[in-house]
Amino acid sequence: MRITYYHFRSVDSTNSWAKRRKNEFSLDEFAVISSDEQTQGRGRFKRSWHSPLSKSLNLTFAFFDRGLPPFFFSQLAALALLQVLHTENIAAKLKWPNDILVQGKKIAGILTEVESSDPNQLIILGIGLNVNMAEADLAHIPKATTSMLIETGKNHVIQHIQDMLVKKFISFYEEAKKTNVDSFQEMWHEKISWMLSKEIDIQQQEKMIHGKIIQLEKNGTLILLLDNGTTHTLLSGDIIL
Ligand code: BTN
């Protein structure tokens, strides 16, 4: 694997940049794309993602893979994020499917996109981590949000956090490719299992569904028991706990 780095002071979105450049990546390349700011950062469900200059880590990995399901890469990224945050003494937790929270507040998110060109798929895996954002930088975000600065009371060197995350993700990916997909999925499953039996609300095509989580599978599938006694299977969504 050949690691290449692309860094910008400002870009619309590191994921969008990688998408536009999809025909220029080579098959053996693992591209690490970062930017000090994003002017049109994107989150899941077409939401915007706030990335003010030099306060957040805005990172995209772009690489070709054949075979592994795209969701697996989000799981690997979530595990890598958890380890990096734990190294920095931040008690981060995983929320289904792959949000990273600290005491119920979101600190990081993952947006994995795929550009297909058979038999290889180009994985575009975006990671946004709130590093040096103060309360005022987060005030306009409608959901409960936090940052490494707020949690620890100190500023962090974004490049250092990025280096740790890149190293961790690549080592997980190389190990997974050798044999170990299952053990990473189990690790992910263990981190998410605190959500079992929780009553949740989830937005599904214009309507809210309420139910109890009765099953969480290591491939990411979530099964809800609804009030009318039927079950509902989900592969993605935005949960309100
Ligand atoms: C989410 O909704 O939780 C996912 C947020 C993902 C944000 C990151 S920041 C780097 C990359 N570029 C983007 O435009 N989005 C992702």
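Biologist: What do the side chains of Asp182 and Lys218 meet in?

Modeller: A salt bridge is a side-chain nitrogen of Lys or Arg within 4 Å of a carboxyl oxygen of Asp or Glu. Asp182 and Lys218 meet in one, with 3.1 Å from N to O. The pair links distant parts of the chain, 36 residues apart: Asp182 is in helix α5 (residues 158-192), and Lys218 is in the loop between β9 (207-216) and β10 (222-226). Helices (H or I, at least four residues) and strands (E, at least two) are DSSP runs, numbered from the N terminus.

Biologist: What should I know about the model before reading on?

Modeller: The model is predicted, so local features need pLDDT of at least 70 and side-chain atom pairs count only at pLDDT 80 or more, while totals for chains, interfaces and linings use all residues. Residues are numbered from 1 along each chain as its sequence is written, and side-chain values use heavy atoms, with hydrogens and water left out.

Biologist: Are Asp182 and Lys218 buried or exposed, or something in between?

Modeller: Buried means under 20% relative accessible area, exposed means over 50%, and partly exposed is in between (1.4 Å probe, protein chains only). Asp182 is partly exposed at 40%, and Lys218 is partly exposed at 27%.

Biologist: How many salt bridges does a search of the whole structure find?

Modeller: The search finds 13. One of them joins the side chains of Glu113 and Lys19, at 3.4 Å from N to O. Glu113 lies in strand β6 (residues 105-117) and Lys19 in helix α1 (residues 14-20), so this pair ties together parts that are 94 residues apart in sequence. Glu113 is buried, at 13% relative accessible area, whereas Lys19 is partly exposed, at 29%. Glu113 and Lys19 also belong to a network of salt bridges with Lys22, Arg42 and Glu115. Asp12 and Arg20 form a salt bridge too, at 2.8 Å from N to O. Arg20 is exposed, with a relative accessible area of 52%.

Biologist: Why is strand β3 largely enclosed by the rest of the structure?

Modeller: To read this, go through the strand residue by residue. Strand β3 covers residues 56-65, and ten of its ten residues are buried, so the strand is largely enclosed. Ser56, Asn58, Thr60, Ala62 and Phe64 point one way from β3, while Leu57, Leu59, Phe61, Phe63 and Asp65 point the other way.

Biologist: Which strands pair with β3?

Modeller: Two strands pair if DSSP finds at least two bridges between them. Strand β2 (residues 29-38) pairs with β3 in the antiparallel sense over six bridges. Here Phe30 has Phe63 of β3 as its bridge partner. Strand β7 (residues 120-130) and β3 pair in the antiparallel sense over ten bridges, and Thr60 stands opposite Gly126 in β7.

Biologist: What lies 2.7 Å from an oxygen atom of the ligand?

Modeller: A polar contact is a pair of N or O atoms within 3.5 Å; within protein, one must be able to donate a hydrogen and the other to accept it, and residues adjacent in sequence count only if both atoms are side-chain atoms. An N or O atom in the side chain of Ser13 is 2.7 Å from a ligand oxygen, and a polar backbone atom of Arg44 is 2.7 Å from a ligand oxygen. For an N or O atom in the side chain of Lys106 the distance to a ligand oxygen is 2.6 Å. Taken alone the ligand exposes 420 Å², and the protein buries 98% of that. Accessible areas come from the Shrake-Rupley method with a 1.4 Å probe; for residues, only the protein chains shown count as cover.

Biologist: Which residues is Thr221 in contact with, leaving aside its neighbours within four places in sequence?

Modeller: Contact means heavy atoms within 4.5 Å. By that rule Thr221 is in contact with Gln215, Leu216, Thr233, Leu234 and Leu235. Thr221 is found in the loop between β9 and β10 and is buried, at 9% relative accessible area. The side chain of Thr221 also makes a polar contact with that of Asn219, at 2.8 Å.
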